[in-house]
Amino acid sequence: TIKKIDKSVVRFQIFVPSMTVLFSFVFLFVSGWNIVAEKKQSTMQRIFFTPVGNGVILLGKMFPIIILTVLQVGLMILMGVFFLGFELADVGTPFVHRFSFLLIFLFCISICVAGISTLLGFLVSNETQLIFVSGVVFLFFGVLGGCVFPLEIMPDYAKSLSILTPQGWALQAIRELLSYKGNSSFQESIFFQGCLVLLGIGVITSLISHWIIVKMRSSDWIWN
């Protein structure tokens, strides 16, 4: 006999995590747009003449995106928990312990989004370039990472390519974090692997942005 599948379960298990990850990367446009505007209006140059440290400048660009990402992703996950029947992590453990996994995921994905967004803002010269590059990272990587078309219906080679995108790693982590109606199969190793990759991407892109700031404040940088 063929077991009847509850289609609503399949929809929620696949599309809630996918849409949460996809729209978390929409903030790639925000910080980058502000940085491009500051460069064009010479606001960035005036900031560089202040005694503020390079790290503080970088944090000032990243912090708003970190907060926005945490609020949006956290709200979407909590709505899934309170209204759609999702559970956090391993349902057999205390809620405080499970909530800590949520905080870890929010921290890692927010650092990743903020790092990429800030780096794109420093690398591009105008809004047109930003829209094009951010659009590729947001939509193309989103499709490749399984956020638009579920990985279950994608060919095997596409599933392998998903690990080349931050969205793919974020989706891997959030799928472990969320279980539908208590059907928990939480695997900490897979969850932390995804979170560590997101954090690594965020740290690397942030370090590159910091290096660009150092160059911008010296005579080695060509403003355009």
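Modeller: A residue is buried when its relative accessible area is under 20%, exposed when over 50%, and partly exposed in between (1.4 Å probe, protein chains only). Of the 224 residues in this protein, 44% count as buried. This is a predicted model, in which local features need pLDDT of at least 70, side-chain atom pairs count only at pLDDT 80 or more, and totals for chains, interfaces and linings use all residues. Residues are numbered from 1 along each chain as its sequence is written, and side-chain values use heavy atoms, leaving out hydrogens and water.

Biologist: Why is S24 called buried?

Modeller: Its relative accessible area is 0%, and the cut-off is under 20%, so S24 counts as buried. S24 is in helix α1, residues 7-24 (a helix is a DSSP run of H or I with at least four residues, a strand a run of E with at least two, numbered from the N terminus).

Biologist: Which residues does S24 touch, beyond those up to four places away in sequence?

Modeller: They are T69, Q72, V73, I109 and V113, where contact means heavy atoms within 4.5 Å. I109 is 85 residues from S24 along the chain, yet their C-alpha atoms are separated by 8.3 Å.

Biologist: What makes S24 and V21 a polar contact?

Modeller: A polar atom of the S24 side chain lies 2.6 Å from the backbone oxygen of V21. The limit is 3.5 Å between N or O atoms, where one must be able to donate a hydrogen and the other to accept it; residues adjacent in sequence count only if both atoms are side-chain atoms.

Biologist: How many residues has the largest nonpolar core?

Modeller: It has 54, and F25, I77, F105, L177, F191 and L198 have the most contacts inside it. Helix α5, residues 95-123, gives the most to this core, with 14 residues. Such a core joins buried Ala, Val, Leu, Ile, Met, Phe, Trp, Tyr and Cys through side-chain atoms within 4.5 Å. Leaving aside neighbours within four places in sequence, L177 contacts residues including I77, F105 and F191.

Biologist: What is the overall pattern along the sequence?

Modeller: The order is α-α-α-α-β-α-α-α-α-β-α, with 9 helices and 2 strands.
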